[in-house]
Amino acid sequence: MAGKLGLIAGGGTLPVEIAQHCEQAGREVFIARLKGFAGPELEAFTGSDVGLAEVGKCIKLLKRAGCKSVCLVGNVSRPDFASLKPDLRGIAILPAVIMAARKGDDALLRVILAEFSKEGFLIEGAHEAKSDLTLRSGALGRIAPQSHHKADIARALLVARKIGELDIGQGAVVCDGLVLAVEAQEGTDAMLRRVANELPGAIRGQAGAYRGVLAKAPKPIQDTKVDMPTIGLATIQRVAAAGLAGIVGEAGRLLVLDRDQVIALADELGLFIYGVEPE
């Protein structure tokens, strides 16, 4: 998309990747750094700090900076609504935000982004701001799944999609046909730690004898512009620690952070990262 980008940034490496990409591509960018979440690396870019509930302030900053599009990226944990310090715009939408939060994270994000749409901003996904972020079809890297992985891949994707229909989570772990774990509010990393630390080795793989797969898929109700499933270096490390053989996701619908490093680490560990066409 053309025009100056307003990047509303939480934590993690994704906001930095997009900001650097815009800089290299010659696209102007303004960073609204969310207090308590955005990393110090973003202070090197033009921007300002904004509280999580300072919706009016954020809109004014982005307009004043001349932004045409808004991209919301980075890690932001669900807040304690009682502790928020909203501005007037934030107070006005707080009842709708709290009601939406009861329905799930996706409903919550839709309410917040609707405020930016009302002000004339285009909503831009991370994969639109930086087109090479998503998983492509087939193997990413040197390692490809083998024929004996196919059943686990199919079942893990089925489970991930089913829990997505219920707005529970995005990920599932399957080994030899057995569902070892599904992702809920704890997130993918915590789910994988649970598999590695709490499940017996007899029902999962081990270092040097990997078995099973992690699947990630977006929820059907999910707006992939703001909350697409993501993997990064930590995911690869935790997949290996859990004894799994690899990761599968839908092509064009899974973000791969730190792509070069992720491929190198997966190749080194002998893990596959595989994209299948969406249903």
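A nonpolar core is understood here as a set of buried Ala, Val, Leu, Ile, Met, Phe, Trp, Tyr and Cys residues joined through side-chain atoms within 4.5 Å. The model under discussion is a predicted one. Its largest nonpolar core has 26 residues, and those with the most contacts inside this core are Val173, Leu214, Ile236, Val239, Leu244 and Ile273. Two or more residues each come from β7 (171-175), β8 (178-182), α7 (188-198), α8 (233-241) and α9 (259-269). Another core, of 23 residues, lies apart from the largest one and includes Ile8, Ala32, Leu61 and Ile123. In soluble globular proteins, nonpolar side chains tend to be buried together.

With residues up to four places away in sequence not counted, Leu214 touches Ala172, Val173, Thr188, Met191, Leu192, Thr235, Val239, Leu244, Gly246, Ile247 and Val248.

Attention now turns to helix α1. This helix (residues 14-25) has twelve residues and reaches 16 Å from its first C-alpha to its last, close to the 16 Å expected at 1.5 Å a residue. Leu14, Pro15, Val16, Glu17, Ile18, Ala19 and Cys22 are buried in α1. The buried residues of this helix pack against β1 (5-9), β2 (29-34), β4 (69-73), α5 (126-129) and β12 (255-256). After α1 comes Gly26, with a positive phi near 80 degrees.

Within α1, Glu17 counts as buried because its relative accessibility is 14%, under the cut-off of 20%. Leaving aside neighbours within four places in sequence, Glu17 is in contact with Lys130, Leu133, Leu257 and Asp258. Asp258 has a phi near 50 degrees, a positive value in a residue other than glycine. With a relative accessibility of 19%, Asp258 also counts as buried.

Where else does phi take a positive value in a residue other than glycine? Asp167 has a phi near 60 degrees, and lies in the loop between α6 (150-165) and β7. At 15% relative accessibility, Asp167 counts as buried.

How do helices α2 and α3 pack? Helix α2 (residues 55-64) and helix α3 (residues 88-101) meet at an angle of about 125 degrees, and their axes are 5 Å apart. That angle makes α2 oblique to α3. On the α2 side, Val55, Gly56 and Ile59 meet Arg89, Gly90 and Ile93 of α3. By class, this contact has three nonpolar, two polar and one charged residues.

Two partly exposed positions complete the account. Ser137 is placed in the loop between α5 and β6 (138-139), and counts as partly exposed because its relative accessibility is 42%. Ser137 and Val276 are 139 residues apart in sequence, yet 5.3 Å apart in space, C-alpha to C-alpha. Ser137 touches Ala251, Gly275 and Glu277, with residues up to four places away in sequence not counted. Gln261, found in helix α9, has a relative accessibility of 43% and therefore counts as partly exposed. Between Gln261 and Gly232 there are 8.7 Å in space, C-alpha to C-alpha, and the two are 29 residues apart in sequence.

Notes
Residues numbered from 1 in each chain as written. Predicted model: local features only at pLDDT ≥ 70, side-chain atom pairs only at ≥ 80, totals over all residues. Heavy atoms only, no water. Axes fitted to C-alpha atoms, helices over the stretch in contact; angles between N-to-C directions. Helix = DSSP H or I, 4+ residues; strand = E, 2+ residues; numbered from the N terminus. Parallel < 35°, antiparallel > 145°, perpendicular 65-115°, else oblique. Contact = heavy atoms within 4.5 Å. Nonpolar A, V, L, I, M, F, W, Y, C, P; charged D, E, K, R; others polar. Buried < 20%, exposed > 50% of the residue type's maximum accessible area, 1.4 Å probe, protein only. Expected span 1.5 Å × (residues − 1).
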